[in-house]
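Here is a walk through a protein model with a ligand. Keep the 3D view open and click along as you read.

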Amino acid sequence: MTPQSGILPPANGHALFTMFRRRLGRRADARLKSLLASVAERIELLQRDDSQVSVVIAFGPHIWPELYASKPALLRDFPSISGAIHPAPTSDVDVLLHLRGERYDLLHEFADQLSADMAEWLEVIETVHGFRYRDSRDLTGFVDGTENPEGDERAEVALLGEGEWAGGSYIHLQRYVHRMEQWKKLHVRQQEAVMGRTKESNEELADDDRPHTSHISRVIIEENGEELAMLRHSMPYGQPGGEKGLYFISYCKTPVIFEKMLTRMVAPTSDGRVDHLLNFTRAVTGGAFFAPSLEKLSQLQK
Ligand code: HEM
């Protein structure tokens with residue numbers, strides 16, 4: 001089974017994230033299904049202009065039954081986490097289009113055309129341009145993505161290996177808005193304690209120097225001697241002088257890993273602690289999706 005083109009390749013200079021919701025009273029019919037399936041061929045045409053351009057189209061749990069007769073076993077709503085002291089909101093969304101590449105003009109053209117073609121059924125809730133900031137840093141100034149899996153491990157972590165939905169991937173996304181003014185008031189040492197890594201040299205703080213409340217400490221979870229892993233394609237976004245932050249997105253063969261990490265960030269479930277990064281940023285959207293393999297996507301055309 002072949003994964004969609006935007007899942008495994010390394011990070012790009014630009015991304016475009018578009019979230020859609022079903023229009024009231026509209027159901028996915030044969031015409032919409034064939035438009036959704038056409039995404040794979042449309043991207044191949046665009047790859048003539050930028051060989052690095054790639055795409056993922058993914059569907060949430062509510063539209064899923066209108067598209068396929070069966071469902072990936074663990075496809076479910078974005079988690080509502082009990083005991084959370086930092087809000088992790090859930091958005092009412094059905095379809096995610098995640099485009100990546102080196103030329104933003106092509107991503108714009110692709111998303112604009114597809115949104116227009118699907119407008120009868122789906123309305124755009126939000127479109128966000130993600131960009132590489134310096135050497136792949138988040139706007140907080142810290143390099144993001146360092147501990148992402150590499151080589152063959154990317155597929156092992158991100159894709160279902162077997163069964164009907166092999167080659168597919170569970171996706172979670174959250175748009176975070178940073179409180180940059182508060183963040184800038186911290187000394188670099190304090191920022192490093194919040195993140196759990198050094199800023200310039202991008203090294204993990206030694207265990208003794210790394211607070212249990214640092215971001216890294218919350219998301220490094222060991223089970224049966226192994227660290228839980230996900231593939232992140234998060235990108236900075238925003239307007240100079242306006243709202244800005246991180247568009248977080250993860251791909252994984254199971255939704256459980258994101259759910260566990262987010263729980264450790266927002267809810268003092270086991271050890272009474274939460275992620276101190278959340279004093280400087282907050283999530284304003286949340287969505288859960290599944291990206292079917294190319295073979296499953298093309299089935300929609302029938
Ligand atoms: C505003 C939100 C966030 C920011 C600014 C942020 C930033 C960072 C940074 C700078 C790193 C260190 C470099 C790296 O390994 O990538 C990191 C690591 C990581 N983050 Fe986040 N992150 C955010 C949200 C999240 C969320 C919501 C999750 C999962 C629920 C998450 C999971 C991870 C994981 C798994 C690592 C790698 C840990 C390791 O193995 O060392 N992050 N993040």
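Strand β2 (residues 54–59) and strand β3 pair in the antiparallel sense over 6 bridges. Strands here are DSSP runs of E with at least two residues, helices are runs of H or I with at least four, and both are numbered from the N terminus. Two strands pair if DSSP finds at least two bridges between them. Along this pairing, Phe59 has Val95 as its bridge partner in β3, and Ile57 stands opposite Leu97 in β3.

A quick word on what you're looking at. This is a predicted model, so local features need a pLDDT of at least 70 and side-chain atom pairs count only at pLDDT 80 or more, while totals for chains, interfaces and linings use all residues. Residues are numbered from 1 along each chain as its sequence is written. The pLDDT is the predictor's confidence in each residue, from 0 to 100. The protein chain averages 97, and 100% of the residues score at least 70. Confidence is lowest in helix α2 (residues 39–46), with a mean of 95, and highest in strand β12 (residues 287–291), at 99.

**The strands in the middle of things**

Back to β3 (residues 95–101), which also has strand β1 (residues 14–22) as an antiparallel partner, joined by 7 bridges. Met19 is paired with Leu96 of β3 there.

Why does Val55 count as buried? Because 26 other C-beta atoms lie within 10 Å of Val55. Its contacts, leaving aside neighbours within four places in sequence, are Gln4, Ser5, Gly6, Val39, Ile43, His98 and Leu99; two residues are in contact if their C-beta atoms, placed from the backbone, lie within 7 Å.

The largest nonpolar core has 74 residues, and Ile57, Ala58, Ile171 and Cys252 touch the most other members. Such a core is a set of buried Ala, Val, Leu, Ile, Met, Phe, Trp, Tyr and Cys residues joined through C-beta atoms within 7 Å. Not counting residues up to four places away in sequence, Ala58 touches Leu96, Ile171, Phe289, Phe290 and Ala291. In soluble globular proteins, nonpolar side chains tend to be buried together.

**Around the ligand**

How many residues surround the ligand? There are 23, and the closest are Phe142, Thr146, Glu147, Tyr176 and Met261. A residue is near a molecule if its C-beta atom, placed from the backbone, lies within 6 Å of it. Elements that give two or more residues to this shell are β5 (169–178), α8 (215–219), β10 (244–252) and α9 (256–266). By class, the shell has 13 nonpolar, 6 polar and 4 charged residues. Here Ala, Val, Leu, Ile, Met, Phe, Trp, Tyr, Cys and Pro count as nonpolar, Asp, Glu, Lys and Arg as charged, and the others, Gly among them, as polar.

Helix α9 is mostly covered, with 8 of its 11 residues buried. Met261 and Phe258 are among those buried residues, and what covers them includes β5, α8 and β10.

Strand β10 also has an antiparallel partner, β9 (residues 235–238), joined by 4 bridges. Met235 is paired with Tyr247 of β10. β9 and β10 form a hairpin with 5 residues between them, and Gly241 in the turn has a positive phi of about 80 degrees.

Most residues other than glycine have a negative phi, and most peptide bonds are trans.

| Residue | Phi | Loop |
|---|---|---|
| Ser136 | about 60 degrees | between β4 (122–131) and α5 (152–158) |

Ser136 counts as partly exposed because it has 17 C-beta neighbours inside 10 Å. Asn202 is partly exposed too, with 15 other C-beta atoms within 10 Å.

Note on methods: Buried ≥ 20, exposed ≤ 12 C-beta atoms within 10 Å, placed from the backbone.
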